Amino acid sequence: MVTVPEPVAPVGHLALVGLMGSGKTAVGRVLADRLRRRHVDLDRAITQLTGRSIGVIFHEGGESTFRDLEAQSLVLQLAAGDPIVLSTGGGVLGRGENCAVLAADSTVVWLRARPETLVDRVGDGVGRPLLEGRNALGVLRDLADDRDPAYERAANVAVDTDGLTVGQVVDAVLDVLTDVGLGCPEALAGSTVDGAGGRS
Ligand code: S3P
């Protein structure tokens, strides 16, 4: 008789990283549902903490103010006692301290996509100050060149999301975590939410 080993639960929090439009928010929401965990979107946590939109924070204080708030919020959210599913912002790994915080107690999943796919998903870039009024494809190509090495270093696993629905990405994430021994036995079969990448 063959005994199939029980997959182990993801260690600590489950954090999604990747560029704008990679699907972090939409996928995180469904993953949290499947894992029966609380979902936290880091950008949303920042807007709740400050009472200001990401656009206003960038406009009033510049990117460095936003990055300070992002780093503070990351620590605050990961200090939660219960393991959460965290959708980060695309630039979160730009600071070494954030990489260290994530590495300490999170399983990190990189949602990858070609810049052309990302552009389709972010649309006109409204609400994303780094894209507003700029050539989104060019910006996303440059950001991919800059940031992919950091995503690769930080991630336990990566999932290619091109051409996949949100539900398919969620299944792919759960499958790959199981494959590498970071499986999620509490994940429920079947997803009720599906569709294109949406806000990520
Ligand atoms: C940013 C991504 C955004 C948001 C901010 C900066 C980035 O989040 O944090 O506009 O530097 O890539 P999403 O990745 O959720 O769009």
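These legends go with several close-up views of a predicted model.

Before you start, note that residues are numbered from 1 along each chain as its sequence is written, and that side-chain values use heavy atoms, with hydrogens and water left out. Because this is a predicted model, local features need pLDDT of at least 70 and side-chain atom pairs count only at pLDDT 80 or more, while totals for chains, interfaces and linings use all residues.

**View 1. Phe58 and Phe66 form an aromatic pair.**
A pair of aromatic rings is described by the distance of the centres and the angle of the planes. Rings of Phe, Tyr and Trp (its six-membered ring) pair if their centres lie within 6.5 Å; planes under 30 degrees apart count as stacked, over 60 as edge-to-face and the rest as tilted. The structure has 2 aromatic pairs. In this one, Phe58 and Phe66 sit 4.9 Å centre to centre with 35° between the planes, which makes the pair tilted. Both Phe58 and Phe66 are buried (buried is under 20% relative accessible area, exposed is over 50%, and partly exposed is in between, with a 1.4 Å probe and protein chains only).

**View 2. Trp110 and Tyr151 bring together distant parts of the chain.**
Here the ring centres of Trp110 and Tyr151 are 5.7 Å apart and the planes meet at 35°, so this pair is tilted. Trp110 belongs to strand S4 (residues 106-112) and Tyr151 to helix H6 (residues 136-154), 41 residues apart. (Helices, H or I with at least four residues, and strands, E with at least two, are DSSP runs numbered from the N terminus.) How buried are the two partners? Trp110 has a relative accessible area of 7%, and Tyr151 comes in at 1%, so both count as buried. Take a look at Arg112 too: its charged end sits over the ring of Trp110, 5.0 Å from the ring centre (this calls for NZ of Lys or CZ of Arg within 6 Å of the ring centre and within 35 degrees of the ring normal).

**View 3. Strand S4 pairs with S1 and with S5.**
Two strands pair if DSSP finds at least two bridges between them. Strand S1 (residues 13-17) runs parallel to S4, joined by 5 bridges, and Ala15 stands opposite Val108 in S4. S4 also pairs with strand S5 (residues 157-160) in the parallel sense, over 4 bridges, with Val109 opposite Val157 in S5. Of the 7 residues of S4, 6 are buried, so the strand is largely enclosed by the rest of the structure.

**View 4. Arg38 and Asp82 meet in a salt bridge.**
Side chains of opposite charge can pair when their charged atoms come close. A salt bridge is a side-chain nitrogen of Lys or Arg within 4 Å of a carboxyl oxygen of Asp or Glu, and the structure holds 9 of them. For Arg38 and Asp82, the N to O distance is 3.3 Å. Arg38 lies in the loop between helix H1 (24-35) and strand S2 (39-41), and Asp82 in the loop between helix H3 (54-78) and strand S3 (85-87), so the pair ties together parts 44 residues apart in sequence. Arg38 is partly exposed at 41% relative accessibility, and Asp82 is partly exposed at 33%.

**View 5. Glu63, Arg67 and Glu70 are linked in a network of salt bridges.**
Which residues does Arg67 meet in salt bridges? One is Glu63, at 2.9 Å, N to O, and another is Glu70, with the closest N and O atoms 2.9 Å apart. Arg67 and Glu63 are 4 residues apart in helix H3, so about one helical turn separates them. Arg67 and Glu70 are 3 residues apart in helix H3, again about one helical turn. Arg67 and Glu70 are buried, whereas Glu63 is partly exposed, with a relative accessible area of 34%.
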